[in-house]
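I opened this notebook to look up where oppositely charged side chains pair up, and which parts of the chain such pairs join.

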Amino acid sequence: MSDYESIHGRRINFLSSDPTLTSSYEGQVWYNSTANRALVRLKAWSSSGPMTTARDQLGGAGTQTATVVFGGQTSPPTRVNSTEEYGGFTWFTGANLNETKSGVASAGTQTAALCSSGQTAPGTFTANVEEYNGSSWSEQNNLTTSGTRRGCGTQTAGLVFGGTQAPPVLDATEEYDGTNWTNGGSMNVARSQHTGCGIQTSALAISGGTSPSAGTGAVENYNGSSWTTVSSLNTTRYDMGSAAANADHALGFGGYVGPSSAVTEEWDGSSWTTAPATMGTARYNFAGSGTASQAVASGGVAGPRQSVTEEYNSNINTFTAASWASGGNIGTTRRNMAAGGITSAGIIAGGFVPPASNSTEEYNGTSWSEQNNIPVAKEVGGGGFGVQTAFVVSGGSGPDNIPNGYSQTTQEYDGTNWTAGGSLNVARLGGGGFCGTESAGLGFGGYVGASSPYAPPSKTLSTEEYNGSAWTTQNNVPTGPNTYFSASGTQTATVGVRQTENGGTVLYDGTNWTTGSGTLTVLKGIGSMAKNGTSTASVVFGGTAGNPPARTAATEEYNGTVFVNTANMATARGSIGGSGNNSNAFAAGGYTGTTNVNSTEEYTYQGASTATASTLTTS
């Protein structure tokens, strides 16, 4: 992808605060180093998170913060039926189409989408229609005319027009009422490889090919019964993208002119104007969705097939990307600590130096300070939970051992002093998942002590709840390939992540466990989780990956359904003292595979938000 300077002839402004806006900022991009965010002024494209599957000839529907794409073609040329959903920065896997195809007509929203027509194999076209409800696709009544076609509108008021059956090129229009298809007015110019946007009673058909080799810049407007020719595009092309709420205001972008185009044009209801903003990646055969002021371009072809996603904004949006930043070093270099709190008020205790440590340190977001030692030195791993002024450490290994060195003891910290709490019913190493609060904690899974000091440890699926003074046994975790967990959430809404090969999730509602749908994509073992997050919003970082395993810097966001890779840590490590939530977490100490480290990294992610000129000042 070309950089900003080579495209616009100037560099991105690097500022320490947001500027006071005037018209001179139109079309500019700047970066606020203090807030760690980039701001995009009027009419600009910006990169977002890539799709999971690079593909072209896909369908797309929805808004800039809630888009769905489906079908298409991957490399080498293979048609797919997969669906992905976009939440404004990251992509998540949806349900598969019932039919594998490319070149589809699309309409609707992320939770009420319409996929019509397409090509299932070379020279083979379909008239099949499917509806998406956000969870699954269902077959509906077929179109009258098959082909690779284009569409727009909603799931209950859809429109399909033009297309090809290679040959012929089509001028047919069909209208959908949510159940049946009826013929609409024919297009003035038969065309394929065009793009469509708007609604059933106010739509645009833009550009395309009038034959297998000839492109057109012609544009037509549909009023619900007939097509009218309007002003043509300034740049003739085909296989482009478009976005519009209706035919009064639209955006056309990208496409193929031999080579790929990055040009963006805006329609004001009477004429097309070339926008000052161009796409970062010139491409064609991608999915366009959204509106003329907030559009999304997904996938496509630019040499190879693409997974790239770009957003277009004609207002001001602020983007705070996920990132790790260096923090203060811990005082005692170690690994396998218990950890709690968030970046601005964190705590770690115990760990392995070697030998086992009894050191306790508090973090204020800048530096670590030594506090009163935990009474019993122990290597506890994930066996800590709570916040800096109400912190609990349970289980682990250390001098207070039972056979094979695993502990049942609990220690509670009030921000100054440690006191003994109730003992676990099952002595377990910190490989179990621990989360919650001092008065409502949860511990599950892990390794338990063997019957003799020399026997190998065994695994447990047991679950215990803590009420601030005693642990009680609850229903077991579902069986699985391992019992080594990280955890996030509360005593009544917990997600546990299995920290080994193809680690999946388990969910606890305060009584019962169920198996979740999320599976780690990179992290494999000895990772850390932001345990003060929620069961539907957390982050996992570090650990081991690969075969043979090596420490990883990978980070994955969890949204309650799937994991998505995000910013890497600077130092690949496992056995981390880590805690926090999905937007504010820390990773302290740990092990690189050869040595313990004392560094701390801080994680932030706030997503994207919309601002106006009146809310941006220089202070």
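Entry one. I kept in mind from the start that this is a predicted model, and I looked up the count, which comes to nine salt bridges.

Entry two. I turned to E84 and found that E84 forms a salt bridge with R55, with 3.0 Å between the closest N and O atoms. I then asked which parts this pair ties together. E84 lies in strand 9 (residues 83-86), while R55 sits in the loop between strand 4 (44-48) and strand 5 (59-63), so the pair ties together parts that are 29 residues apart in sequence. I also looked up accessibility: E84 counts as buried because its relative accessibility is 2%, and R55 counts as buried at 0%, the cut-off for buried being under 20%.

I moved on to E174, which forms a salt bridge with R149, and here the closest N and O atoms are 3.0 Å apart. The pair links distant parts of the chain, since E174 belongs to strand 17 (residues 169-176) and R149 to strand 15 (residues 148-153), 25 residues apart. I noted that both E174 and R149 are buried.

I ended with E265, whose salt bridge partner is R237, the closest N and O atoms being 2.9 Å apart. E265 lies in strand 25 (residues 264-267) and R237 in the loop between strand 22 (227-230) and strand 23 (241-246), so this pair ties together parts 28 residues apart in sequence. Are these two residues, E265 and R237, buried or exposed? I found that E265 is buried, and that R237 is buried too.

Definitions and conventions: Residues numbered from 1 in each chain as written. Predicted model: local features only at pLDDT ≥ 70, side-chain atom pairs only at ≥ 80, totals over all residues. Heavy atoms only, no water. Salt bridge = Lys/Arg side-chain N within 4 Å of Asp/Glu carboxyl O. Helix = DSSP H or I, 4+ residues; strand = E, 2+ residues; numbered from the N terminus. Buried < 20%, exposed > 50% of the residue type's maximum accessible area, 1.4 Å probe, protein only.
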